[in-house]
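The following exercises ask the reader to work through a protein structure step by step.

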Amino acid sequence: MSNFGRRKFIAACAAVAAGAGAGAYWWYRGRGMQGMPHGAGPQALGGEFPNPLRVPAGEGVFGVLDADAALDIAVKKVELPIVPGKPAPLLAYEVAHRRKTYFNPVLRLKTGASYTAKLFNALDEETIIHWHGMLVDARNDGHPRDAVGRGAAYDYKFKVANRAGTYWYHPHPHGITGRQTYLGLASLLIVEDEEELALQKALDLTLGASDIPLLIQDKRIGDDGFLRYDKSEDDWFAGFLGERILVNLTARPHFNAATRIYRFRILNGTNARVYRLAFVRGAERLEFHVVGTDGGLLERPYRVREAFLSPAERLDVLLDLGAAAPGDTVMLRSLQFDPMHLEVAGDAEKGHDMSRMGAGAAILPDGAAFDIMQIRVTQQTRAAGSIPDRLSAPGAPGMTQGMPRVFTLDQRERRWRINGLVFDMHATPVTVKRGASEIWEIRNAKASMPHPMHLHGFQFQVLHRAGSPEQVRRLAIDERGLAPPDLGFKDTVLVWPGETVRFAVHFSHPFDGDQVYLFHCHNLEHEDRGMMINYRVAT
Ligand code: C2O
Ligand code: CU
Ligand code: CU
């Protein structure tokens with residue numbers, strides 16, 4: 001039975017699931033945003049989606065650039081409309097390449113190729129580019145100690161060692177990563193190999209036509225169309241939330257589709273918000289297939305009807321619109337969930353909802369339901385192939401047993417910490433042996449927030465979730481407590497309050513000497529305030 005053939009049956013299930021959702025207490029706290037003029041208020045369910053999605057293709061903003069020659073990447077201020085007709089100041093990566101100009105290009109690389117780029121800093125402050133998820137030496141990783149000032153340059157050169165997958169790049173200067181990323185500096189880096197080309201061939205996928213990168217971000221936008229990053233003390237603590245959801249820097253976007261299979265490479269590029277993603281048609285949640293996560297393709301596709309996606313994580317999915325008809329619309333939506341911003345020591349008020357704290361303006365609460373992008377089926381076409389049973393041979397996980405290295409996440413005086421530490425650029429509290437396999441166990445305090453924990457330098461495999469909240473546990477597909485977005489190779493994993501997550505890392509790479517990388521929370525306000533540590537890979 002296809003998605004579109006079982007409408008009625010699923011509609012009934014979806015209604016039940018919605019009723020059984022996590023407590024709705026936060027929703028009442030989120031009231032007060034109503035009565036905002038249409039279009040100016042926070043994102044919600046429904047409304048118009050009048051703006052065509054900026055689809056990565058060709059040149060210009062999010063153009064697709066095959067990085068087969070050395071690139072000059074200028075980091076600079078630009079003007080770009082986010083709300084149509086209102087050009088706003090933004091920051092962007094500008095690349096001139098083969099007589100074309102790109103802003104925040106989607107870089108396409110081949111496994112085994114060499115990549116060369118020069119960063120020119122044309123900002124008034126320091127910056128550095130980090131290639132998120134890429135297996136590079138410390139010199140090419142964009143560590144904050146390598147940040148360069150105005151007018152200075154930084155050279156990158158590395159061999160693409162990654163499997164095919166959806167990676168990304170963004171700034172990493174300490175203390176201002178959140179602001180620079182928020183103001184526009186983020187895009188994708190797509191790696192291709194033989195397995196990837198086989199999938200593209202099987203499903204007739206073309207980047208920018210039927211294979212669509214979606215960079216999802218939330219922003220606060222003023223009446224002038226400008227982005228605001230006016231952080232309060234509470235935003236520093238909980239993370240900065242926006243009230244408008246952008247996809248590829250397009251507000252209220254729609255995407256015109258044909259009746260075929262689409263691939264969406266979804267990147268959560270927001271500073272702090274977690275999404276609970278679903279494709280919805282009316283009251284019905286459509287089935288979709290998770291085919292890849294942070295570090296590339298999974299062994300096989302997994303059918304789901306929802307998936308959590310935390311900051312910096314990627315989800316590679318297939319949506320089959322083969323049984324749809326022109327005139328149908330499907331919504332990419334974030335479903336309601338309990339954001340678990342729990343009471344922490346020092347906060348007097350019980351059940352204090354940090355997503356609302358200090359927000360004088362209407363801020364879309366974390367965990368609220370809202371629509372992200374409308375998919376309009378506009379064209380009939382012949383179905384192209386069917387989803388393969390096997391996608392890739394990622395290899396078995398390394399060690400799954402043994403003494404873990406433990407990391408605790410908590411806060412003191414409203415600063416989030418890893419093992420009681422806040423970031424010190426010159427301290428390296430963890431050393432691992434090159435070539436060693438280790439299990440890392442991340443324990444989040446009960447009174448805490450969800451923390452998307454990110455490892456530089458290596459991809460890991462999630463082994464186990466314990467103590468998960470019900471809204472996470474019910475999505476598990478096996479006794480390890482894992483859901484499809486946890487599978488495969490990962491560089492970022494969300495750890496919910498009270499949860500313990502274990503992952504296996506094989507610290508093997510071809511680089512010599514000491515390599516110092518980062519382990520941090522990818523809630524960018526947490527990171528900027530020091531929820532980050534250095535670790536060293538030593539011989
Ligand atoms: Cu995408 Cu250190 O981060
Ligand atoms: Cu990274
Ligand atoms: Cu965090």
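**Exercise 1. The copper ion (ligand 2)**

Task: Determine which residues coordinate the copper ion (ligand 2), and explain what their positions in the chain imply.

Solution. 
Step 1. His130 and His454 coordinate the copper ion (ligand 2), each through its NE2 atom, at 1.8 to 1.9 Å. Donors are N, O and S atoms within 2.8 Å of the metal (3.2 Å for Na, K and Ca); water is not among the atoms, so sites may look incomplete.
Step 2. His130 belongs to strand β9 (residues 129-132) and His454 to strand β31 (residues 451-455), so the pair ties together parts that are 324 residues apart in sequence. Helices (H or I, at least four residues) and strands (E, at least two) are DSSP runs, numbered from the N terminus.
Step 3. His130 counts as buried, at 1% relative accessibility, and His454 is buried as well, with a relative accessible area of 0%. Buried means under 20% relative accessible area, exposed over 50%, and partly exposed in between (1.4 Å probe, protein chains only).

The model is predicted: local features need pLDDT of at least 70, side-chain atom pairs count only at pLDDT 80 or more, and totals for chains, interfaces and linings use all residues. Residues are numbered from 1 along each chain as its sequence is written, chains are lettered from A and ligands numbered from 1 in the order in which they are written, and side-chain values use heavy atoms, with hydrogens and water left out.

**Exercise 2. The copper ion (ligand 3)**

Task: Identify the protein donors of the copper ion (ligand 3) and state how they are spaced in sequence.

Solution. 
Step 1. Cys521 and His526 are both buried.

**Exercise 3. Strand β26 and its partners**

Task: Explain why strand β26 is described as largely enclosed, and find out which strands pair with β26.

Solution. 
Step 1. Strand β26 spans residues 370-379, and seven of its ten residues are buried, so the rest of the structure largely encloses it.
Step 2. Strand β17 (residues 253-258) runs parallel to β26 and is joined to it by five bridges. Two strands pair if DSSP finds at least two bridges between them. In this pairing, Phe255 stands opposite Ile375 of β26.
Step 3. Strand β25 (residues 329-334) runs antiparallel to β26, with six bridges between them. Here Met331 stands opposite Gln374 of β26.

**Exercise 4. Salt bridges**

Task: State how many salt bridges the structure holds, and examine the one between Arg414 and Asp234 and the one between Arg263 and Asp316.

Solution. 
Step 1. There are 43 salt bridges in the structure. A salt bridge is a side-chain nitrogen of Lys or Arg within 4 Å of a carboxyl oxygen of Asp or Glu. Side chains of opposite charge can pair when their charged atoms come close.
Step 2. In the salt bridge of Arg414 with Asp234, the closest N and O atoms are 2.8 Å apart. Arg414 is in the loop between β27 (405-412) and β28 (415-418), whereas Asp234 is in helix α5 (residues 233-238), so the pair ties together parts that are 180 residues apart in sequence. Arg414 is partly exposed, with a relative accessible area of 26%, while Asp234 is buried, at 18%.
Step 3. Arg263 and Asp316 meet through their side chains in a salt bridge (2.7 Å, N to O). Arg263 lies in strand β18 (residues 261-268) and Asp316 in strand β24 (residues 314-320), so this pair ties together parts that are 53 residues apart in sequence. Arg263 counts as buried at 0% relative accessibility, and Asp316 counts as buried at 5%.

**Exercise 5. The two sides of helix α4**

Task: Decide where the buried residues of helix α4 lie around its axis, and describe the ends of α4.

Solution. 
Step 1. Helix α4 (residues 194-203) has the buried residues Glu196, Leu199, Gln200 and Leu203. They cover an arc of only 100 degrees around the axis, so they lie on the same side of α4. The arc is that of the directions from the helix axis to the C-beta atoms. An α-helix has 3.6 residues a turn, so residues three or four places apart point the same way.
Step 2. The exposed residues Glu194 and Lys201 are on the face of α4 turned away from its buried side.
Step 3. The cover over the buried residues of α4 includes β12 (187-192), β18, β22 (296-304) and β24. Contact means heavy atoms within 4.5 Å.
Step 4. At the N-terminal end, Asp193 caps α4, with a side-chain oxygen 3.2 Å from the backbone nitrogen of Glu195. A polar contact is a pair of N or O atoms within 3.5 Å; within protein, one must be able to donate a hydrogen and the other to accept it, and residues adjacent in sequence count only if both atoms are side-chain atoms. Just after α4, Asp204 takes a positive phi of about 50 degrees.
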